[in-house]
Amino acid sequence: MRVVHYLNQFFAGVGGEDAAGTGPELRDGPVGPGRKLAALLGDEHEIVATAVCGDDHAATHADFAAALVEQARARGAELLIAGPAFTSGRYGLACARIATAAAEAGLPALAAMHPDNPGLAEAAGTSVIESAETARGMGPSLERLAAAARKVASGEELSIQDGRVGPVPRANRMAERSAAVRAVDLVVARLGGDREATEIPLPAFDQVTPAAPIADPADALLALLTEGGFVPVGNPDRLESARATKWIRHSLDGHDSAEAGTFESVHGGFSTQWANAEPNRILPLDAARELEREGAIGGLHNEYFATTGNGTTVADARRFGVEWAAELRQAGIQAAILTAT
Amino acid sequence: MSIALRVGAPRIVPTRGIPYPTGDPELSPEQERAWRRQLLERALHAVATPVSEPTVFGGDPVE
């Protein structure tokens, strides 16, 4: 089978964070970890090309995936493999998006990442194979990925036993043992000290490693973010008041304060009377400008980001976080204050 | 604040009410602006402080 393999700028050897803005391109043959993957896939399969895109570019330009899938098809790709992305959020998002774009275009695809990767929620039913947490586990991660890829190539379904993680489309089948027997077995396992055994895994919050502190706020560029449904009056971008599926950005140029009548909150989870009477209560622009004038911060980012945190799914919120982090990194921002309602 | 701790926000500055995170309608406009500025100063202190787990930057009780 003709395989196209997706890698980010780091694993393709383009560069580190300085090269994260690199746009999408297709290279001939396997690159970096793709060489080991090619060897593991065996003689029946060939990595004919490697699709590459910088993590920041991929996180901020969702159309990178469709462009690369089209190029992959032009090379006669019959299978697309993305990653492994380990726990890298932007890379995982990119792997999920390109695998989903490929599957939607009728090209079988699978991605590999750690179960805590926020990209997992974006995979929308496309097969994702578990990888290690970091590139130190590259070897075993590639072995599991190659084994799963060979199975997909032969038209077989992937299951948890193959290392499949994330949402799996439900299918009916006959169980070998009755529900009563399985339930009693689970109780016995629990009494025996096994707290993990379950037929219905619950979603879990992942652990985020806190960012390193900034050396001196007086040298730092600061951004204001909020989940308080904070919009220009009239809500031109139609930000949702509940169950938000998107976030908005708006310029702060020329604004010395969040004036009533200029900004408002459309949050549907609390009374917005206090926010609309004094919008600085949601986005503390007046105080931030004061600190900027006094030199207590190096500068204030010229736009704010906002969404509505009201019944918003963890999956959407993770995606917003990854996208915000990529945007702020690209803009050279060192710190952010996110007001939470 | 308990939600912020539970979901693992690394640096948390507690405020006074869900509908007005950086304000307090009980205060006079001048007092409220001073309170808002104090919250931002706490936040700047928080981002300049190393943390290894969800940490609350409360400061002394005010007013």
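Start in chain A by selecting helix α4 (residues 89–104) and helix α9 (residues 314–330), which pack at an angle of about 115° with their axes 10 Å apart. Axes here are lines fitted to C-alpha atoms, for helices over the stretch in contact, and angles run from 0 to 180 degrees between N-to-C directions. Helices (H or I, at least four residues) and strands (E, at least two) are DSSP runs, numbered from the N terminus.

This is a predicted model: local features need pLDDT of at least 70, side-chain atom pairs count only at pLDDT 80 or more, and totals for chains, interfaces and linings use all residues. Residues are numbered from 1 along each chain as its sequence is written, while chains are lettered from A and ligands numbered from 1 in the order in which they are written.

Now show the side chains where the two helices meet: A:Gly89, A:Arg90 and A:Leu93 on α4(A), against A:Arg319, A:Val322 and A:Ala326 on α9(A). Contact means that C-beta atoms, placed from the backbone, lie within 7 Å.

Next, bring in chain B. How many residues of chain A are in contact with chain B? There are 32, and they meet 24 residues of chain B. On the chain A side, α7 (273–277), α8 (285–294) and β14 (335–339) each supply at least two residues. The largest share, 5 residues, comes from α8(A).

To finish, pick out A:Asp286, A:Ala287, A:Ala288, A:Glu290 and A:Leu291 on α8(A), then B:Arg33, B:Arg36, B:Arg37 and B:Leu40 on α2(B), which make the contact.
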